[in-house]
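Trainee: Please take a close look at one part of this model for me. I would like the helix and the aromatic rings around it.

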Amino acid sequence: MLDEPQHLLEIPRLRVQNANAISSPMTWGFPAMSAFVGLMHTLERSLVDRGVDIVFDAVGVICHRIEPQITEDTFPITFRLTRNPVGKDGATAAIVEEGRTHLEITLVFAVRGDAGPDVAQTAEHLVHQLRIAGGTVQPPLHDKQRRWPSRIIPMSDDPAKRPNEYRRLLRRWLPGFTLVARDDLLQGHLQNLRQEDPECSLLDAWLDLARLNMECRTQPPENDEEEPRAQWEARLPRETGWFVPIPVGYGALGPLLDPGTVKAARDLETPFRFVESLYSIGQWLSPHRLTTPTQLLWYPDSDPDQGRYRLQNDFTRHNTPA
């Protein structure tokens, strides 16, 4: 479980162009949270290289606007494909399907260490030089966005003052939505399905939540001369909300291999492992529905010995009555 952060680093209203919208082999839409955790690690290393003694423990994302680059007047909906980059001779390359989206997001980092006021401006300057989920950061579109500078937010040590401070902070991030983990919903749905079919697995429960299920209900005829009528109805989950299937990390497919033993690996100094995506269920929530900023933070919680490299979010733990 994530400890209460000492400070939050807020980088508001970033405009990201052409971020990766294919978050895993089975999901698309918003970039995977692993992309933002990767950004967090890169940003921390860049700050350390500049002599800033600081540690990032977690990252949260508030999405204010999303614009997937898809066709809108055809069915099925497809991505708008482009031919890039060009080849060595300047000719266009063959089309490789890519899903891209434009975003406007606020990044929130849990920070430990010597977080002085200059750290926020240094971090924002570095973020503008980095890729976010493969997308490029654009300058503010108008002067209104320049009125939200990045800042370091000290977290209160007084439990009695925290609710009011948290409420003001969370409302600052409106309008927008943030993604939280709902592993509890997946486990609960599995138990519901097993009441009808004891052989159901977690994959069955995940697929059942990830799709729109239609059920056929037969209505009896009003008289003996009519045939029974069939009516299709959508079967919705018992809990209401904006639930989405999401990737939450990676699971090992084999043992850890020595550095440099895998041909064409990008990094020849780090041990290598073949992995596949891990999945769970997430929920989009408006920040004003949270009780603490910690609920929107994601952090790595890996166990290499078990071959598990996944991300955690403590929304459910903070949302469960004591």
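Mentor: Buried means under 20% relative accessible area, exposed over 50%, and partly exposed in between, with a 1.4 Å probe and protein chains only. This is a predicted model: local features need pLDDT of at least 70, side-chain atom pairs count only at pLDDT 80 or more, and totals for chains, interfaces and linings use all residues. Residues are numbered from 1 along each chain as its sequence is written, and side-chain values use heavy atoms, leaving out hydrogens and water.

Start with helix H1, residues 33-49. Helices (H or I, at least four residues) and strands (E, at least two) are DSSP runs, numbered from the N terminus. H1 has 17 residues and reaches 25 Å from first C-alpha to last, close to the expected 24 Å. The expected span is 1.5 Å times one less than the number of residues. Buried residues in H1 include Met33, Phe36, Val37 and Leu39. Just after H1, Gly51 has a positive phi of about 85 degrees.

Now the rings. Rings of Phe, Tyr and Trp (its six-membered ring) pair if their centres lie within 6.5 Å; planes under 30 degrees apart count as stacked, over 60 as edge-to-face and the rest as tilted. That rule gives eight aromatic pairs. Phe30 and Phe36 are stacked, because their centres are 5.8 Å apart and their planes at 20 degrees. Phe30 is buried at 12% relative accessible area. Phe36 is buried too, at 0%. Phe30, Phe36, Phe177, Trp242 and Trp284 form one aromatic cluster.
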